[in-house]
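Please read them with the coordinates open.

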Amino acid sequence: MVLPEPPGAVAPLGVWPGTAYPLGATYDGAGTNFSVFSEVAERVELCLIDPHGGETRVPLDEVDGYVWHAYVPTIAPGQQYGFRVHGPHDPERGLRCDPSKLLLDPYGKAFTGRIDNHPALYTPGEDSLGHTMTGVVINPFFDWGHDHPPKHSYHETVIYEAHVKGMTMTHPAVPPELRGTYAGIAHPAIVDHLKALGVTAIELMPVHTFVHDRTLVEQGLRQYWGYNSVGYLAPHHEYAADQRAGAAVTEFKAMVRALHAAGIEVILDVVYNHTGEGNQRGPTLSLRGIDNAAYYRLSEEDPDCYVDYTGTGNSLNVRHPHTLQLIMDSLRYWILNMHVDGFRFDLAATLARELHDVDRLSSFFDLVQQDPVVSQVKLIAEPWDIGEGGYQVGNFPVLWTEWNGKYRDTVRDYWRGEPATLGEFAYRLTGSSDLYEATGRRPWASINFVTAHDGFTLRDLVSYNEKHNEANGEDNRDGESHNRSWNCGVEGPTDDPTVLALRDRQSRNLLATLALSQGIPMLLHGDEMGRTQQGNNNTYCQDSPLSWMDWTLAQKNADMVEFTKAALALRAAHPVFRRRRFFDGRPTADRRPTVDIAWLTPAGTEMTDSDWDSGFGRSLAVFLNGEAIVEPGPRGERVSDDSFLLCFNAHDEPMGFTLPGTGFGLQWSVALDCSAPTGHAPADHDASATVEVPARCLLVLRRTA
């Protein structure tokens, strides 16, 4: 398929051969090198777009290893561009070259404009110029000042999952022009809130350039979450306060610099498993038109169709070296050029599929292991996809941490009173050694969470039994139906003070359990102040107050904010809650006379097999011995801490807990009480005393003698 050349197709520019590497558009102060990979292409044109939408085409005549390239002097930052790829168009063989499509640079570092979902994006032979985004040449130079990565150790990390727009849209101290932007996240009001909570890392939901699904746009909705990437090296420009072409890059860097200055790491949620081009009926925006068979997994039986392990229409072909290169180059770029501190990989099991099965030692993970840059940052896997055998919690390589879905499910079940959860609960509380120890990993391999962007907020978890997703336009069919939630007696909003008090207490129980479990706690933005989505557990398309943080709740629910601070401060102050090694439960040396951990019944006796197997068991106590921490400190010093007794009562009635005597402690004081609005309820108790723990409550005692 060949289009007639537009007038002035080749500008009177001096075009030099340039180099095949680096890929993308690279400005060096005098001009710009352009390069793009396509093995299937017969001819590639660089398209320079002027401010009025006019196009000048520059043939890329130099080809090395299927990389088409040229250097164009005088091309400076701000120049808009794209590519047109000439080659075979035979969808039945998986070939989808179409020079009528202006294609986004897979290595583009900035984009401008928007995808308007015009038929030209879908129909072969119709020119898409004017209906798609364009790449922007950026100025790579930025004054980082004294920026340096905080490099918090995993076991000292507290993650806060947030959405750039949703977190900042309603904050009264953030200027209106900065709300919903990277500059808004960098505002002192936001940074100070994170620091006050005790957060050490903010995990931003996708900020790679993404597109809005056609079906959503037609319904008046948007791709709010951002899991629809089309540009893996470019920050999403809709999140920039400064909407000049390319300005998002500088604004993002300034955000990172501000967060680092506050000691907060930046982790990106990245979506390398699929792109926004969708299935065979989707738009041709970039990879599809550049080299469809190289970049995507095609059906062996019908190459016109895509293999879909993600539920989004396509899966990236991580078996191809140039796809792997794109992913690795992207990761290194965000680390070296944008100074981010780690990544959370969406549906990471897809990246492990060499053929069909999930392979823990696939090429992608081998590359990460060997890479001197990527291997040194925080790596978090969402360890599942929707394909067969896709649930892989506990099966990722040693460098990796994982979103522990079993932790979420077990802790929810325990506090809502499901039977036979004690043994499972014990594993989750202590770092999930059953999942990670056998593979040489530590407790911090477990990213513990009770809520995340996908599902109920914490407030909704204790307020709804059922999802309420009617606003999504799918008749409430979308989203998870089995939420392990409990509405505490009334579905949704209520004025009943008894129900509201129970919901508050359940929220505190879940937050405290999260804060004091071994592993890495992750909070969902707004949970500390009772954010609600009105029972919607799938707000991927709700770019509205339904999903945004309502900052008036910070005052309305100030006690919950203070409780969250207290729970995380307790964790930060005591290494016994954030150990680097698993408990072993065995007696220690003479100078440490008791075991490192003990499990006790409410009667103060050690748990027996029958106690663990009791299907109706709801209550237990956990003794954590601060004198039995065997791992040394950063300078090899012995680590010693206070000892604690955690009394868990998930019964619907108060429970008397007899405090253990000899060998455990003589006196105890209350360190955190989930029956108190802020967690502070000072009280002292002697050994062997019986302490009444209210119904559905966690009480934390610290040994004082």
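1. Helices, as the term is used here, are DSSP runs of H or I with at least four residues, numbered from the N terminus. With that in place, α9 provides the largest share of the lining of the largest cavity, namely three residues. The model is a predicted one.

2. Confidence comes next. The chain has a mean pLDDT of 94, and 96% of its residues reach 70 or more. Residues 1–12 have pLDDT below 50, and in the model this stretch makes 28 contacts beyond near neighbours in sequence. Where pLDDT is low, the predicted coordinates should not be read in detail.

3. Eight strands form a closed barrel with parallel pairing, in the order β12-β13-β16-β17-β18-β19-β20-β21. On average, neighbouring strands of this sheet are turned by 30° against each other, direction ignored. Helix α5 (residues 247–261) packs on the sheet and touches β13 (201–204) and β16 (265–270). The direction of α5 makes about 135° with that of β16.

4. Strands β12 (residues 159–162) and β21 (residues 520–524) pair in the parallel sense over three bridges. Within this pair, Y160 stands opposite L523 of β21.

5. An antiparallel pair is made by β3 (residues 43–49) and β4 (residues 55–59), with five bridges. L48 has T56 in β4 as its bridge partner. The hairpin of β3 and β4 has five residues between the strands, and G53 takes a positive phi near 90° in this hairpin.

6. The structure contains seven cavities of 30 Å³ or more. The volume of the largest cavity is about 70 Å³. Its lining consists of R412, W415, R416, L461, V462, R484, S485, W486, Q506 and L510. Two or more residues of this lining come from each of α9 (405–416) and α13. By class, five residues of the lining of the largest cavity are nonpolar, two are polar and three are charged.

7. Which residues lie nearest the centre of the second largest pocket? They are R459, L500, D504, K556 and N557, out of 22 lining residues. This pocket has a volume of about 580 Å³. Helices α12 (458–461), α13 (497–516), α14 (553–556) and α15 (558–573) each supply at least two residues of the lining, and α13 gives the most, with four. By class, the lining of the second largest pocket has eight charged, seven polar and seven nonpolar residues.

Notes. Residues numbered from 1 in each chain as written. Predicted model: local features only at pLDDT ≥ 70, side-chain atom pairs only at ≥ 80, totals over all residues. Heavy atoms only, no water. Pairing = 2+ DSSP bridges. Axes fitted to C-alpha atoms, helices over the stretch in contact; angles between N-to-C directions. Contact = heavy atoms within 4.5 Å. 1 Å grid on protein atoms, 1.4 Å probe; cavity = no way out; pocket = protein on both sides within 12 Å on 5 of 7 lines; lining within 4 Å. Points joined across faces, edges and corners; volume = space filled by probe spheres on them. Nonpolar A, V, L, I, M, F, W, Y, C, P; charged D, E, K, R; others polar. pLDDT = per-residue confidence, 0-100.
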